[in-house]
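Today I am opening a new notebook page.

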Amino acid sequence: QTGVIVQEVMKAAFSFTLLLTTEGGVGNAFDDPMEVIKSGVPAFLYVIQNNMQYVAAAYLDAPTLAVVSQLKILTTAIFSV
């Protein structure tokens with residue numbers, strides 16, 4: 001699970017760098033609280049999903065993990081229609 005934390009820290013650093021170079025500062029990104037919530041909730045759920053993927057990898061064998069991982073694509077397609 002350390003991998004997830006390192007991954008998220010690297011993404012945050014990259015995002016802040018992009019904000020500084022394109023928007024002129026980090027504060028501009030947080031001007032609208034509703035936009036922060038709309039992007040923060042999916043981001044939080046993504047972190048939970050990544051943690052669960054590491055837990056699943058620890059307890060499932062490789063073929064089962066592959067099937068379950070590919071099942072995410074199918075369910076996303078079904079729910080997006």
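I started with N50, which is buried because its relative accessible area is 7%, and buried means under 20%, exposed over 50%, partly exposed in between (1.4 Å probe, protein chains only). The model is predicted: local features need pLDDT of at least 70, side-chain atom pairs count only at pLDDT 80 or more, and totals for chains, interfaces and linings use all residues. Residues are numbered from 1 along each chain as its sequence is written, and side-chain values use heavy atoms, with hydrogens and water left out.

I then asked where N50 sits, and found it in helix α2, residues 33-59. Helices are DSSP runs (H or I, at least four residues), as strands are (E, at least two), numbered from the N terminus. Which residues touch N50, leaving aside its neighbours within four places in sequence? I noted V4, Q7 and E8; contact means heavy atoms within 4.5 Å.

Next I turned to Y59, also a residue of helix α2. Y59 counts as exposed because its relative accessibility is 69%.

Then I zoomed out to the protein. I found three helices and zero strands, running α-α-α from the N terminus on. Buried residues make up 6% of the 81 residues. I wrote down a C-alpha trace spanning about 45 × 35 × 20 Å along its principal axes. The radius of gyration is 17 Å, while a compact globule of 81 residues would have one near 12 Å; this radius is taken over C-alpha atoms, and the globule rule is 2.2 Å times the number of residues to the power 0.38.
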